[in-house]
Amino acid sequence: MMMDAIIIENAFQEKIDRDLCIEPKDQMPEKYRLHLIRQMSQHAHSEVIGMQPEGNWITRAPSLRSKQILLAKIQDEGGHGLYLYSATETLGISREEMIEQLHSGKAKYANIFNYPSLNWADIGAIGWLVDGAAIVNQVSLQRTSYGPYARAMVRICKEESFHQRQGYEIMANMMKGSTEQKEMAQDAMNRWWWPALMMFGPHDSDSPNSGNAFIWKIKRQSNDVLRQRFIDKTVQQAELIGLTVPDKDLKWNEEKQCYDHGAIDWEEFNRVINGNGPCNKQRMDHHIKYHNEGAWVREAAAAYQKQINEFN
Amino acid sequence: MTQQEALYKYLLRLGDNALIQSYRLSEWCSRGPILEEDLALTNIALDYIGRAQNLLQYAAAIEGKGHSADHLAYRRAEHQYYNNLITEMPRGDFAYTIVKQLFISTFEFLLYTELCHSKDEAIAGIAGKAIKEVRYHWTHSRDWCYRLGKGTAFSNDKLQQAVNDLWMYTGEQFEMGAEEEMLSAEGIAFDNKALQSKWLEMVSTVLTASNIQIPTESYMQTGGRKGVHTENMGHILAEMQYLQRAYPDATW
């Protein structure tokens with residue numbers, strides 16, 4: 001039995017080392033499967049919970065076009081959620097189980113969505129900074145070792161780059177607008193910048209889940225490398241439209257050809273991750289409330305389907 | 001009333017129905033009973049925003065005062081909106097939204113089928129696009145009526161309750177204003193009254209197949225078409241117009 005496990009693991013690792021994709025029917029170590037379920041379900045939940053802060057502004061979107069774009073964007077996020085749930089189901093877990101794990105707190109979602117969307121520019125900031133950070137991460141995941149996850153990322157990245165552009169467009173328009181609009185934009189920037197940097201996770205020196213993830217090529221690039229890439233492209237975009245990055249220690253490092261940034265407040269990061277962010281409770285309460293309110297609809301649909309199946 | 005004035009008001013009516021219906025549907029975002037339905041309902045909302053935009057843009061052109069579609073959508077006072085009251089009724093539960101959509105989509109299916117042949121080319125063009133969307137909206141709500149009506153006793157009750165509660169808001173769809181009389185005589189609009197028996201037949205077929213009783217209540221609420229709304233309307237506008245009203249000089 002133990003010998004079998006070793007043989008399977010060796011064959012698996014050999015595949016990984018040759019940069020071949022692992023597919024749902026391939027044998028894989030249990031730890032690899034569980035690692036992916038944790039990461040992919042978290043990713044799916046993040047897409048779905050992320051609909052809340054943006055959904056908060058749908059009925060107040062200030063023009064027909066902006067409402068259309070926002071609604072289409074949130075729909076994309078929901079679609080990504082669906083797609084990722086399906087990809088995760090190939091690992092032998094149902095969507096229902098994943099949602100239970102979300103509600104029990106066993107499964108997480110991106111910490112960033114525990115922050116509130118307070119003014120219209122937040123919709124710009126979420127698209128530009130939050131989706132912008134997500135893209136950097138997801139582009140890297142296009143080469144992740146699990147086939148269904150990698151393919152989901154290819155598709156998702158295409159839509160995310162549209163989201164980032166629409167977010168930046170909102171920010172750029174507001175920075176061209178009235179004094180109040182500029183204030184809203186800068187206020188949103190001030191509140192979303194640091195949480196966006198935290199999206200890449202702890203520094204490499206302090207990243208608890210990275211070891212096997214690199215060996216199994218689930219993760220291809222480190223948190224700090226991805227974070228730096230995000231900072232370098234985003235700072236210039238901010239300057240271009242006149243936004244100030246809220247980091248007094250931010251400066252260009254000529255020698256390293258990248259920006260040095262100030263210290264990230266990991267205490268805040270840990271506090272929010274552990275449940276004490278501004279919106280943790282609301283986000284989860286909202287999801288549970290509407291999931292429970294919809295139970296009778298799902299039951300009716302299932303009962304009807306059963307009748308149809310019996311009839312045929 | 002000139003034909004231009006009649007057309008302006010008619011376009012506002014069609015546009016406002018789409019605008020307010022999209023508002024209510026968009027409230028489902030992140031609140032659907034299942035993710036697929038969250039997407040389906042907001043997708044329908046998106047179709048309606050697109051239609052509202054086309055209709056209000058045309059209305060603004062006919063008005064000829066240099067206003068934009070956004071100006072018409074966001075800057076009018078409550079009594080200047082002409083949507084049917086049914087569109088402004090609250091989101092309610094899933095059965096309520098489905099029944100509302102069935103009632104509205106059935107009417108729109110009949111109306112926009114006719115408007116595809118409007119002598120006004122712009123209206124015919126908008127109708128041509130709308131009718132494709134309406135068919136999907138109608139099928140979606142019909143299929144959910146089947147599921148809810150025949151699914152469980154509880155879901156059947158919910159559906160029946162929604163039908164009973166919304167029934168008195170269905171008659172207004174078939175009213176004819178002076179401007180519609182004028183435009184239908186010209187082959188631009190269509191006689192709404194002529195759609196009523198077909199509407200009743202289509203709706204009854206779906207509801208009966210869903211084990212739902214057709215209400216016998218005959219009193220019908222009215223007012224939206226004259227700009228007299230339910231109390232819901234002011235709250236919709238307070239929220240929808242918030243940024244446009246608070247920062248009137250800003251462009252977004």
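User: Which residues of helix α8 (residues 178–185) of chain B are buried, and what makes them "buried"?

Analyst: In this predicted model, they are B:Glu179, B:Glu180 and B:Leu183. Buried means under 20% relative accessible area, exposed over 50%, and partly exposed in between (1.4 Å probe, protein chains only). Helices are DSSP runs of H or I with at least four residues, strands are E runs of at least two, and both are numbered from the N terminus.

User: Why say that the buried residues of α8(B) line one face?

Analyst: Look down the axis of α8(B): its buried residues fall within an arc of 95°, so they sit on one face of the helix. That arc is taken over the directions from the helix axis to the C-beta atoms. The face turned away carries the exposed residues B:Ala178 and B:Ala185.

User: What do the buried residues of α8(B) pack against?

Analyst: They pack against α1 (3–26) of chain B, where contact means heavy atoms within 4.5 Å. Just after α8(B), B:Gly187 takes a positive phi of about 80°.

User: Why is B:Asn84 called buried?

Analyst: Its relative accessible area is 4%, which is under the 20% cut-off, so B:Asn84 counts as buried. B:Asn84 lies in the loop between α3 (69–74) and α4 (85–88) of chain B. Leaving aside neighbours within four places in sequence, B:Asn84 contacts B:Asn17, B:Glu172, B:Gln173 and B:Arg225.

User: How do you know that B:Glu36 and A:Arg95 form a salt bridge?

Analyst: Their closest N and O atoms are 2.4 Å apart. The rule asks for a side-chain nitrogen of Lys or Arg within 4 Å of a carboxyl oxygen of Asp or Glu, so the pair qualifies. The count between chain A and chain B is one salt bridge.

User: How many residues does the contact take from each chain, and what area is buried?

Analyst: It takes 44 residues from chain A and 49 from chain B. The two chains bury about 3900 Å² between them, 69% of it on carbon and sulfur atoms. Buried area is the accessible area (1.4 Å probe) that two parts lose on being put together, summed over both.

Definitions and conventions. Residues are numbered from 1 along each chain as its sequence is written. Chains are lettered from A and ligands numbered from 1 in the order in which they are written. This is a predicted model: local features need pLDDT of at least 70, side-chain atom pairs count only at pLDDT 80 or more; totals for chains, interfaces and linings use all residues. Side-chain values use heavy atoms; hydrogens and water are left out.
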